[in-house]
Amino acid sequence: MWYVFRRDALEVLYNKRARDSLARYFAVMSDEKPANFMIAKRIPAEFREDYSPKDLWAEHDRLTEEFYKVQKEIDSGKRSLGDLRMQEKSYLDLKIAIANKILEYCHLCSRRCGVNRLKGDLGYCRCGTQITVSSIFEHIGEEPELVPSGTIFTMGCTIRCLHCQNWTISQWFEIGEIYTPKRLAQAVERLRKNGCRNANLVG
Ligand code: SF4
């Protein structure tokens with residue numbers, strides 16, 4: 001069991017400094033507050049997929065203010081997640097629409113390859129549009145606040161560090177396995193049920 005090997009991961013739960021500096025993280029971990037994506041799914045958004053990136057970002061700016069307002073109300077107990085309806089088109093959908101626009105002329109990282117990943121072109125990282133998983137496991141080697149960490153190693157990386165400790169993964173020497181979003185969500189749920197404090201996507 002993880003707490004036999006990592007006493008510090010247990011002790012950090014009672015460390016005031018850690019609890020104060022990571023207050024929301026600890027609250028989500030213990031199901032006292034909802035994760036941000038749960039709130040984002042309930043903030044209504046007005047946009048069409050064919051909007052220009054500029055217009056999508058303008059709507060995003062507007063909704064980001066709204067998001068933090070709602071998050072504050074939930075965190076202070078003025079509202080609960082149950083007061084908010086799931087939206088047909090939400091702040092989270094808007095983020096997905098923006099991500100898709102970015103992939104059309106990929107500038108997701110500072111390499112700005114400009115390839116159209118939606119059409120199957122690959123840039124420096126050689127990542128397409130699907131998530132390719134190397135391994136999924138309960139990691140006990142992370143910082144105490146994170147352990148056990150629900151770690152999902154994904155193939156590819158935007159940099160090539162000479163000292164990379166995951167080079168077989170980051171540089172595609174392994175094959176990996178493509179996961180659908182649903183399968184990945186199920187894997188995250190399983191990690192959570194096994195006591196993981198977070199979903200830790202490494203890639
Ligand atoms: S390295 Fe990958 S993520 Fe970065 S811009 Fe190129 S294709 Fe996009």
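Trainee: In what order do the strands of the open sheet stand?
Mentor: Strands of a sheet pair through backbone hydrogen bonds, either parallel or antiparallel. Here an open sheet of 4 strands has the order 3-1-2-4, and its pairing is mixed. Strand 3 (177–179) and strand 4 (199–202) each have a single partner strand, so one side of each edge strand lacks a neighbour in the sheet. On average, neighbouring strands are turned by 45 degrees against each other, direction ignored. For that angle, axes are lines fitted to C-alpha atoms (for helices, over the stretch in contact), and angles between N-to-C directions run from 0 to 180 degrees.

Trainee: What are the ground rules for the model and its numbering?
Mentor: The model is predicted: local features need pLDDT of at least 70, side-chain atom pairs count only at pLDDT 80 or more, and totals for chains, interfaces and linings use all residues. Residues are numbered from 1 along each chain as its sequence is written, and side-chain values use heavy atoms, with hydrogens and water left out.

Trainee: Which strands pair, and in which sense?
Mentor: Two strands pair if DSSP finds at least two bridges between them. Strand 1 and strand 2 run antiparallel, joined by 6 bridges. Glu 138 has Gly 150 in strand 2 as its bridge partner. Strand 1 and strand 3 also run antiparallel, with 3 bridges between them. There, Ile 131 has Tyr 179 in strand 3 as its bridge partner. Strand 2 and strand 4 are parallel, over 4 bridges. Phe 153 stands opposite Val 202 in strand 4.

Trainee: How many helices and strands does the protein chain have?
Mentor: The protein chain has 9 helices and 4 strands. Helices (H or I, at least four residues) and strands (E, at least two) are DSSP runs, numbered from the N terminus. Along the sequence the pattern reads α-α-α-α-α-α-α-β-β-α-β-α-β.

Trainee: Where do the domains fall?
Mentor: Domain 1 covers 1–22 + 119–202, and domain 2 covers 34–104. These bounds come from an automatic or database domain assignment. Over C-alpha atoms, 25 Å separate the two centres.

Trainee: What does the backbone do at Pro 148 and Asp 31?
Mentor: A cis peptide bond joins Val 147 to Pro 148, with omega about -5 degrees. Pro 148 is in the loop between strand 1 (131–139) and strand 2. Asp 31 has a positive phi, near 60 degrees, and is not a glycine. Asp 31 sits in the loop between helix 4 (23–29) and helix 5 (36–40).

Trainee: Which residues line the second largest pocket?
Mentor: Rolling a probe the size of a water molecule over the atoms shows where empty space is left. In this model 16 residues line the second largest pocket, and Cys 157, Ile 159, Cys 164, Asn 166 and Ser 170 lie nearest its centre. Strand 2 (149–154) and helix 8 (167–170) are the elements giving two or more residues to that lining. By class, the lining has 7 nonpolar, 8 polar and 1 charged residues. Nonpolar means Ala, Val, Leu, Ile, Met, Phe, Trp, Tyr, Cys and Pro; charged means Asp, Glu, Lys and Arg; the others, Gly among them, are polar.

Trainee: How is a pocket defined?
Mentor: On a 1 Å grid over the protein atoms alone, a pocket is an open set of points where a 1.4 Å probe fits, with protein on both sides within 12 Å along at least five of seven lines; lining residues have an atom within 4 Å of a point.

Trainee: Which residues are around the ligand?
Mentor: A residue is near a molecule if one of its heavy atoms lies within 4 Å of it. Around the ligand are Cys 106, Leu 108, Cys 109, Arg 112, Cys 113, Arg 117, Gly 123, Tyr 124, Cys 125 and Thr 158. This shell divides into 6 nonpolar, 2 polar and 2 charged residues.
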